[in-house]
Amino acid sequence: MTIRVMIADDQAMVREAFSILLGVQSDIEVVATAEDGIDAVAKAGELLPDVIVMDIRMPGLDGIEATRRITSRSGSAVKVLALTTFNLDEYVYEALRAGASGFLLKDASGLQLAEAVRVVARGEALLSPDLTKRLIAEFARIGGAEKPPTGVRIGKLTDRENEVLRRIAQGLSNAEIAERLVVAEETVKTHVGRILHKLQLRDRTQAAVLAWENGLVTPGASGL
């Protein structure tokens, strides 16, 4: 299935370069570009792309607010891949809170960009283990004052599903979770699907954010 992509960036050269890099991929189609957040929100509602490659820093309406507006729309299935210049960019945390499904550094290669689009389109997490550790620490530091009342939602999960959710929040893949829990990978996949359905989440990245906000994993926890 072809992945329909929109690129949102205030720099014309970046939009053109990314369009060329993704356009040569047989399974990816660039359906539109947007020059700022307002343009991205409008075109996302009209074209309903599968993935938006979204620059975080743009004048006017920035990528964070654009992401929030796009992902908060009722029934929205659009995934956002946030772009940033620095690995420790403070806006990464807010982009994930706003609904981004992952992030990528702007100096990534064309192959890395294409693979990132595929990963996000599949609903998988696009967060390196090292970044996951720092994100957990950051959510532990600032999450308490702002975290939503989500305890009841997590309470819907079985003990096994809560364990799988904790492993997702640690940045583990389905295969790694299966190895840790000594179960089949297909079983883990089933658990992940049930978690997303029960918590009404789009993908495992948002499941990880929910777990971080609720303190299911903390810095120094097993595996971190």
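Trainee: Which residues does Met-54 touch, not counting residues up to four places away in sequence?

Mentor: Contact means heavy atoms within 4.5 Å. By that rule Met-54 touches Ala-8, Ala-40, Gly-63, Ala-66, Thr-67, Ile-70, Val-80, Leu-81, Ala-82 and Leu-83. This is a predicted model: local features need pLDDT of at least 70, side-chain atom pairs count only at pLDDT 80 or more, and totals for chains, interfaces and linings use all residues. Residues are numbered from 1 along each chain as its sequence is written, and side-chain values use heavy atoms, with hydrogens and water left out.

Trainee: Which residues of the largest nonpolar core touch the most other members?

Mentor: A nonpolar core is a set of buried Ala, Val, Leu, Ile, Met, Phe, Trp, Tyr and Cys residues joined through side-chain atoms within 4.5 Å; buried means under 20% relative accessible area (1.4 Å probe, protein chains only). Here the answer is Ile-52, Met-54, Leu-165 and Trp-212, out of 51 residues. Helix H11 (residues 204-213) gives the most to this core, 6 residues. Another core lies apart, with 19 residues, including Phe-18 and Leu-113.

Trainee: What is the strand order of the open sheet?

Mentor: Strands pair through backbone hydrogen bonds, parallel or antiparallel. Strands (E, at least two residues) and helices (H or I, at least four) are DSSP runs, numbered from the N terminus; pairing takes at least two DSSP bridges. The 5 strands run S2-S1-S3-S4-S5, with parallel pairing. S2 (28-34) and S5 (102-105) each have a single partner strand, so one side of each lacks a neighbour in the sheet.

Trainee: How many bridges join S3 to S4?

Mentor: 5 bridges join S3 (residues 51-55) to S4 (residues 79-84). Asp-55 stands opposite Leu-83 in S4.

Technical notes:
Buried < 20%, exposed > 50% of the residue type's maximum accessible area, 1.4 Å probe, protein only.
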